[in-house]
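Hi everyone, thanks for coming. Let me put the model up on the screen, and then I'll walk you through a few places in it.

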Number of protein chains: 2
Amino acid sequence: MFSCWLSRLYWALSKPTGRTKPLIWGFLSRSLVLSSQRRIPELSSFVARTNTCGELRSSHLGQEVTLCGWIQYRRQNIFLILRDFNGLVQVVIPQDESAASVKKILCEAPVESVVQVSGIVISRPPGQENPKMPTGEIEIKVKTAKLLNSCKKLPFEIKDFVKKTEALRLQYRYLDLRSSQMQYNLRLRSQMVMKMREYLCNLHGFVDVETPTLFKRTPGGAKEFVIPSREPGKFYSLPQSPQQFKQLLMVGGLDRYFQVARCYRDEGSRPDRQPEFTQIDIEMSFVDQTGIQSLIEGLVQYSWPNDKDPVVVPFPSMTFAEALASYGTDKPDTRFGMKIVDISDVFRNTEVRFLQDALSKPQGTVKAICIPEGAKYLKRKDIESIRKSAADRFKQEVLPVFLKASRKWNSPVAKLIMEEQGLRLIRLLEVQEEDVVLLTAGEHEKACSSLGMLRLECADLLEAEGVVLRDPALFSFLWVVDFPLFLPKEENPKELESAHHPFTAPHPSDVRLLYTEPQKVRSQHYDLVLNGSEIGGGSIRIHDAELQRYILATILKEDVDLLSHLLQALDCGAPPHGGIALGLDRLMCLITGAPSIRDVIAFPKSFRGHDLMSNAPDSIPPEELKPYHIQVSWPTDPEAEKSSLNHPCHPES
Amino acid sequence: MFSCWLSRLYWALSKPTGRTKPLIWGFLSRSLVLSSQRRIPELSSFVARTNTCGELRSSHLGQEVTLCGWIQYRRQNIFLILRDFNGLVQVVIPQDESAASVKKILCEAPVESVVQVSGIVISRPPGQENPKMPTGEIEIKVKTAKLLNSCKKLPFEIKDFVKKTEALRLQYRYLDLRSSQMQYNLRLRSQMVMKMREYLCNLHGFVDVETPTLFKRTPGGAKEFVIPSREPGKFYSLPQSPQQFKQLLMVGGLDRYFQVARCYRDEGSRPDRQPEFTQIDIEMSFVDQTGIQSLIEGLVQYSWPNDKDPVVVPFPSMTFAEALASYGTDKPDTRFGMKIVDISDVFRNTEVRFLQDALSKPQGTVKAICIPEGAKYLKRKDIESIRKSAADRFKQEVLPVFLKASRKWNSPVAKLIMEEQGLRLIRLLEVQEEDVVLLTAGEHEKACSSLGMLRLECADLLEAEGVVLRDPALFSFLWVVDFPLFLPKEENPKELESAHHPFTAPHPSDVRLLYTEPQKVRSQHYDLVLNGSEIGGGSIRIHDAELQRYILATILKEDVDLLSHLLQALDCGAPPHGGIALGLDRLMCLITGAPSIRDVIAFPKSFRGHDLMSNAPDSIPPEELKPYHIQVSWPTDPEAEKSSLNHPCHPES
């Protein structure tokens with residue numbers, strides 16, 4: 001593990017301006033601390049060291065220092081590299097007889113043992129400086145050394161560790177946390193959240209209020225964990241968000257609320273979701289959509305890491321309808337083009353059967369995207385896999401057309417595209433030599449969604465070939481607005497359900513439609529999208545009890561009694577209010593470029609929801625369930641269930 | 001509610017320097033914001049107002065302002081008092097014909113309706129200024145008004161509300177939150193926590209790390225809520241503290257961790273405990289007891305509210321043995337004297353039988369406290385109730401002695417105290433005229449504990465008579481140190497259990513006793529006590545795996561397998577480390593002088609653990625329990641159980 005870790009470290013050292021790759025210890029501390037426009041934290045207050053390993057420079061020459069850290073490695077029993085969270089420093093092991101005991105300690109302690117050394121900061125001999133190491137100009141001439149804890153055993157051969165599965169990293173998380181990447185991720189997370197708090201609390205008067213997590217099941221809260229109480233048959237549940245509480249705080253006159261809130265969602269096994277996650281939860285009174293958006297733009301700008309390019313505000317905004325039409329999704333990745341173009345008009349008189357069929361239907365459209373240099377980089381099997389994706393996920397036929405490229409394997413159907421149509425396509429889609437056009441037909445939403453998915457698939461394929469489409473240093477924020485307020489229920493499309501949640505206010509222009517054509521009502525919901533991921537969502541809420549009751553009872557046909565406390569609160573002088581929640585884990589994942597949200601969480605669960613280190617969840621003796629008046633209903637076929645269980649000796653991945 | 005609230009407000013206004021009573025809106029914002037050495041927050045950014053109601057002064061004269069707030073009350077349809085979180089302001093209702101619509105809105109909206117008004121800040125006519133109101137020099141000449149939400153009904157007559165039970169306050173918490181006291185408590189809490197974060201994160205380089213709350217049951221964790229998972233028979237549990245995680249973070253090299261951590265404890269019904277509570281959780285590597293203590297002293301000093309007298313550091317320190325001997329408790333209230341004095345030597349030759357008996361035993365002692373002016377203020381029934389308390393709770397006989405007072409009803413036994421003994425007592429206890437001495441005898445700990453309890457009882461009795469013993473403006477911090485590491489188990493005194501938790505390190509001077517007389521080993525645990533309440537506790541932890549294993553397996557006889565991950569971590573190069581946790585709810589309760597921790601929590605549970613607003617915990621349909629493989633074990637005598645259930649129509653109190 002640590003030799004590889006070291007090579008990563010040196011690699012990073014040699015690229016101090018690299019943005020998306022693991023950063024070095026020295027750079028870490030500088031970028032997070034020195035340039036944050038605050039007083040530099042005292043990192044050695046209250047403890048047994050005078051300095052951190054990583055901070056020593058030529059300016060410390062001659063100083064007597066005491067350091068505490070881990071033995072990173074030794075060179076020929078002459079040099080020892082000592083590590084702490086702040087970096088590495090070279091310690092010279094004394095060779096003279098009088099220091100035999102110091103030498104013994106420093107030479108005999110296994111790697112990763114914890115030692116305290118005191119000595120003098122001296123210059124390295126000329127020619128021995130290491131410019132790749134932030135402390136590379138100096139070394140420590142040791143006077144005393146103390147073994148604080150010996151590393152008795154590491155659970156696996158160190159060299160093999162970085163090749164280990166994520167499951168093994170999670171099982172020995174306390175070792176994984178020593179890596180520079182995890183240190184960087186967790187420290188950056190802490191500092192960004194701190195800056196968000198400063199912005200909200202100190203600059204804008206928000207009040208940090210803690211809301212309960214032992215709550216009551218919300219209507220339709222099928223994804224809420226339940227917690228048995230000591231009263232028979234009565235359960236708390238862990239809420240998916242503090243939604244009700246933050247609205248009640250507005251009714252209570254708190255005016256501006258925020259919370260870094262722990263939320264819970266039981267979705268079973270999902271690769272990149274966590275059963276508990278964190279959101280920056282915000283609510284304000286007397287605010288409109290623009291107000292919330294400005295607040296959040298300021299928040300992101302204020303808390304943005306100093307080692308990234310500054311964020312430009314305001315963020316662009318797009319309606320849900322535009323996002324769907326141009327990107328086939330409600331969370332467009334606007335770092336690159338390849339937008340969807342409606343080419344229905346081109347094909348009004350086509351001879352291509354499936355286009356004809358599509359256009360003859362009332363909502364029929366023909367859509368296309370142009371993949372730059374697709375003809376050059378996409379192989380036949382890529383095109384086949386693209387067509388298969390569209391067929392499998394959307395039952396959509398997709399036609400690749402090489403309008404200018406001289407490809408032999410152009411599809412026979414494509415040949416039916418007449419010259420004039422081809423020219424119009426080239427103009428509409430701005431087709432270049434070597435581009436390929438993907439063309440599909442059908443109902444607007446389905447056609448767009450398929451092309452939206454293919455757009456991302458093609459981007460992956462092109463990037464696998466070395467084309468840079470999505471600059472990893474680019475952070476493209478986008479507001480998506482004007483969502484529909486309701487959606488047809490999947491299981492019964494004649495009934496409506498909330499597109500987001502039932503407290504979302506309708507768009508002011510659409511209120512009258514509520515009573516006639518509710519399916520056409522747009523909402524005052526807004527999503528914040530970053531690089532194609534939804535990192536936040538919120539809305540202006542309903543503050544009128546009558547309207548809320550009408551939507552709950554008449555449109556959504558929910559049991560109004562379950563929310564009687566909220567309806568009653570709205571009747572007691574509720575101010576107009578709105579808010580937003582930002583998904584902190586996903587935001588940090590995107591900013592650090594981590595492959596998974598598990599890399600920005602100190603102790604994440606596996607994708608099956610297990611803590612692989614402690615082996616949670618675990619069995620509980622029946623007598624400990626008694627006070628809660630519950631018993632386990634063992635499945636009738638225990639063998640079948642057993643296969644779904646996880647053992648630490650069979651780690652997941 | 002609001003008329004009483006207003007009278008409280010005016011009462012507070014007339015005593016702007018009062019420390020322990022509800023503070024006024026204007027004073028609130030000034031004390032929390034202006035003097036906190038930070039930039040003043042912009043309280044009206046992003047919203048539909050230009051100013052808050054409470055901030056307007058003569059310096060705003062002539063400005064056109066827009067305000068949003070609640071109608072506090074009206075005077076003769078000429079004046080309207082508008083309220084927001086920041087205070088009250090007088091609005092002049094226009095009387096001329098041309099403003100009829102504005103007049104209509106402002107005169108017809110019920111009290112507690114939400115309105116937006118725009119107008120000009122003008123001087124009140126000479127003689128009409130209200131010096132008791134921070135905005136009392138000005139009023140608003142309204143131009144436009146808008147009814148934002150009408151208050152349709154309040155759930156009870158407003159005037160009656162403040163007389164309502166706490167249960168009713170909790171049921172309509174969103175109304176209760178509008179009170180100046182709740183606003184003050186929640187805003188002060190937010191600001192103190194923010195200052196703590198600044199101190200830890202910005203000044204001392206601590207990293208805010210979120211640790212999981214879905215965890216594994218800890219050994220002996222009988223008070224942990226359980227959460228069924230989707231795997232049959234497997235449960236998460238909600239931990240009582242992040243203890244294991246914070247230690248693992250130290251093993252992971254995080255160096256300095258803190259978290260404002262949500263913790264859970266299922267203790268059933270307890271009057272002043274909450275099933276979920278918050279602690280300021282801290283852990284550091286390479287630190288000793290002194291380091292943690294200095295850190296916390298700095299933390300309290302830095303975050304201390306500006307409207308209180310500054311905190312003096314360092315805090316005094318006392319060993320557990322001293323605390324027990326002098327105060328009869330491990331959390332002495334050092335705001336007043338009445339210390340316990342050992343007077344065994346005085347009575348070596350006594351004729352009083354129960355003292356003779358006590359002193360003849362090996363651990364026998366005689367102890368006393370002197371109650372200043374007790375003879376003046378304590379009635380015969382008080383003395384009787386004191387003696388009864390000692391008998392009921394400790395089976396201790398207590399003898400009241402009036403050494404200098406000429407009381408008729410002195411006990412006959414007391415007359416046996418010879419003159420010479422009396423004089424020695426007067427000297428030892430510094431007895432004054434009118435004092436009363438309470439005397440008891442027996443084993444040291446029991447005698448001290450009884451007198452410790454009586455000391456507090458007597459303080460209550462004296463204060464009920466108007467004697468000021470515990471100045472409410474005084475905050476007496478105290479460290480209690482050198483606790484025993486183990487205590488005999490209550491159910492089996494031959495076995496030992498941890499006095500705090502099994503990760504606490506032994507006192508360095510006592511390590512050798514671990515293997516011979518473990519019951520004599522002192523620990524490196526420390527408690528922080530404020531005014532007789534424990535507000536924090538922590539320790540230096542064991543970082544040696546062998547020692548930890550010995551204590552767990554050999555001394556405590558715990559199942560070591562349940563903690564194998566922690567033991568393994570200690571073997572992988574764990575640094576020496578220690579930490580502390582401060583109980584935020586209790587700290588805020590003491591600082592605000594609130595009668596209960598429920599007054600410093602936005603949405604607390606009742607003492608039975610219910611959310612009276614939403615009626616949680618609640619029933620869940622059996623089919624929603626199926627995914628969790630549990631079923632309710634209904635008690636065989638449902639009638640008996642029913643009486644323990646709580647209905648919103650039968651509120652608790």
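Between them, chain B and chain A bury about 12300 Å², and 58% of that lies on carbon and sulfur atoms; buried area here is the accessible area, with a 1.4 Å probe, that two parts lose on being put together, summed over both. On the chain B side, F46(B), E210(B) and F286(B) lose the most area to chain A, together 7% of what that side buries.

A quick word on the ground rules. This is a predicted model, where local features need pLDDT of at least 70 and side-chain atom pairs count only at pLDDT 80 or more, while totals for chains, interfaces and linings use all residues. Residues are numbered from 1 along each chain as its sequence is written, chains are lettered from A and ligands numbered from 1 in the order in which they are written, and side-chain values use heavy atoms, with hydrogens and water left out.

Back to the interface. How many residues does the contact take from each chain? It takes 138 residues from chain B and 138 residues from chain A, with contact meaning heavy atoms within 4.5 Å. The rule finds 14 salt bridges across the interface of chain B and chain A; a salt bridge is a side-chain nitrogen of Lys or Arg within 4 Å of a carboxyl oxygen of Asp or Glu. Helix α7 of chain B, residues 180-203, gives the most to the side of chain B that touches chain A, namely 12 residues. Helices (H or I, at least four residues) and strands (E, at least two) are DSSP runs, numbered from the N terminus.

The two chains also meet through strands. Strand β22 of chain A, residues 618-619, is joined by 2 bridges to strand β8 of chain B, residues 234-237, and these strands run antiparallel. For S619(A), the bridge partner in β8(B) is K234(B). For two strands to pair, DSSP must find at least two bridges between them.

Now let's go inside chain B, to strand β10 (residues 276-285), where E283(B) is found. Is E283(B) buried or exposed? E283(B) is buried, with a relative accessible area of 0%; buried means under 20%, exposed over 50%, and partly exposed in between, with a 1.4 Å probe and protein chains only. The residues that E283(B) touches, not counting those up to four places away in sequence, include F206(B), K246(B), Y257(B), R541(B) and H577(B).

Still in chain B, look at strand β14, residues 398-401. Both faces are covered: V398(B) and P400(B) on one side and L399(B) and V401(B) on the other are all buried. β14(B) pairs with strand β15 of chain B (residues 436-443) in the antiparallel sense over 4 bridges, and P400(B) has L438(B) as its bridge partner in β15(B).

Over in chain A, 4 strands form an open sheet in the order β12-β13-β15-β14, with antiparallel pairing. Its edge strands are β12 (341-342) and β14 (398-401) of chain A, each pairing on one side only. Strands β13 (residues 364-371) and β15 (residues 436-443) of chain A pair over 8 bridges, where I371(A) has V436(A) as its bridge partner in β15(A).

One last stop: G532(A), in the loop between β19 (525-530) and β20 (533-540) of chain A. G532(A) and D330(A) are 202 residues apart in sequence and 8.9 Å apart in space, C-alpha to C-alpha.
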